[in-house]
Amino acid sequence: MHDIRFIRESPGAFDAGLKKRGLAPLSAELLEIDRLRRAAISGSEGLQAKRKALSQQIGIAKRKGEPADAAMAEVASLEEALKKGEADAARLDEQLTHRLEVLPNLPLDDVPEGADEHDNVEIRRHGNQRNFSFPPKDHVALGEATGEMDFASAVRISGSRFVFLKAHLARLERALAQFMLDLHTTEGGYTEVNPPLLVRDNAAYGVGQLPKFAEDMFHTDNGYWLVPTAEVPLTNLVNDTVLDEAALPLRFTAFTPCFRSEAGAAGKDTRGLIRLHQFPKVELVSVTTPEQSAAEHERMTGQAEEVLKRLGLPFRTIVLCGGDMGPASRKTYDIEVWLPGQNAYREISSCSNCGDYQARRMGARYRPKEGKGTRFLHTLNGSALAVGRTLVAVLENYQNEDGSVTVPEALRSYMGGLQSIPAPAAKK
RNA sequence: GGACAGGUGGCCGAGCGGUUUAAGGCACACGCUUGGAAAGCGUGCGUGGUGUAACAGCCACCGCGGGUUCGAAUCCCGCCCUGUCCGCCA
């Protein structure tokens, strides 16, 4: 949600931000609605003030037992104009809100120009791609060979884009999640949270999922949304609140399943664990002052990268261009992990600084130590990491020629000391 | 699912047709007091909108939406939410 006052003061900057998003300028149009809106409000308020004054006179007169017919007649004569004025003001105000609430956040100055993912800019790489002495398999081939990654059963029971993980792979997923949570809570300073997975409209609206992305979420027939990411419940922990500055920053982490209908993704990434209707993810959410958010964004991205470093997985970090960012974000880093089976870097984390965009929608404010009143908070969210895709990366990067998979050092204590996930039994 | 009770500022809480301009308290800020602190005393302090160069002023907001009325936090209707008890249930 945008602040119309900002648009009033800096229409050029607003339009420039939209342009970076690949959108046409809108400030002139919005300001015209705003002009009409304010005129309507002024007119309406003038009449309201008149009515109020007259009503007070009537009250005083009646108290004294004097007649008040003249004043009552005058109020009655205002009736029609009052109704119209209030309706006009309400209609224009609503119109402006509807226009503003569907617009994306404005990119920060250091976000690169560009239309789509081709214009994203790589900012660093870490780790070396392994030299395989054999042709590496992809995770589906590895997982299905042992029967521990079972898509066939999932299709019968739930349909496409679901999976059963079994035995070592089920445990590996659990180990990954636990490893990540431990890292974030002990070294990262995040508070572990186990949130609800069903949320109300207002929570989905608060982070910007609604009204635009209703079709990307699952909805229950009694009105709940299944969370598409733990960002939704975690960020909404501060909705409708006024925090003390001393409490900031707040840092939350959660391991949850995420549910996405993938309505617009028919035919994309149909193979394997990459794009499912239900997938596990460890999420990070920070709530900060406006002054803290840029540094917190770097810190959060570093926290996500740390997971990959400890797992020994090669990755690169890119900054998304204006045209490729999610709507709530003002700056986003994606982290892409190297997948030998696909011979490509694939997204495994996305860390966004949302500025005050979500805070405005949620009503999330704080009281500054200095100065009066309240200010909107800044919110940030990032995956650290998408656990299913991390499992893919571990399988593909740590595979051996016989189909066994070496367990990364960092995970062994979570796997009961297991050194290696066994190769599939030889065919008889 | 059934019955009952409730939703008032950052928090607690009074008000239940017109001097409410939402009392009072807590918290917070500043000052006085003090060797320093606590306590005490004093002052300030809701949110949003509109308006202004900045003040001032004005309007709205007592869960949300309607209605009654010259006038609604207060009365009426609908909805949402919370709590308690009962039922069901891992």
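Let's start with the buried side of helix 3: Ser27, Leu30, Ile33, Asp34, Arg37, Ala40, Ser44, Leu47, Leu54, Ile58 and Ala61 are the residues tucked away there. Keep in mind as you look that this is a predicted model.

What do those buried residues pack against? Their partners are helix 1 (4-9), helix 2 (11-20) and helix 4 (69-101). Helix 3 itself runs over residues 27-64, 38 residues in total. From its first C-alpha to its last it reaches 55 Å, close to the 56 Å you'd expect at 1.5 Å a residue.

Now for the aromatic rings. A pair of them is described by how far apart the centres are and by the angle between the planes. Searching the whole structure turns up 3 aromatic pairs. One of them joins Phe132 and Phe134 in an edge-to-face arrangement, with 5.4 Å centre to centre and 85° between the planes. Is Phe134 buried or exposed? Phe134 counts as buried, because its relative accessibility is 9% and the cut-off for buried is under 20%.

Another of the pairs brings together Trp338 and Tyr345. Here the centres are 5.1 Å apart and the planes make an angle of 65°, so this pair is edge-to-face too. Both of its members, Trp338 and Tyr345, are buried.

The charged end of Arg361 sits over the ring of Tyr205, at 4.6 Å from the ring's centre.

Note on methods: Residues numbered from 1 in each chain as written. Chains lettered and ligands numbered in written order. Predicted model: local features only at pLDDT ≥ 70, side-chain atom pairs only at ≥ 80, totals over all residues. Heavy atoms only, no water. Helix = DSSP H or I, 4+ residues; strand = E, 2+ residues; numbered from the N terminus. Expected span 1.5 Å × (residues − 1). Buried < 20%, exposed > 50% of the residue type's maximum accessible area, 1.4 Å probe, protein only. Contact = heavy atoms within 4.5 Å. Phe/Tyr/Trp six-rings, centres within 6.5 Å; stacked < 30°, edge-to-face > 60°. Lys NZ or Arg CZ within 6 Å of the ring centre and 35° of its normal.
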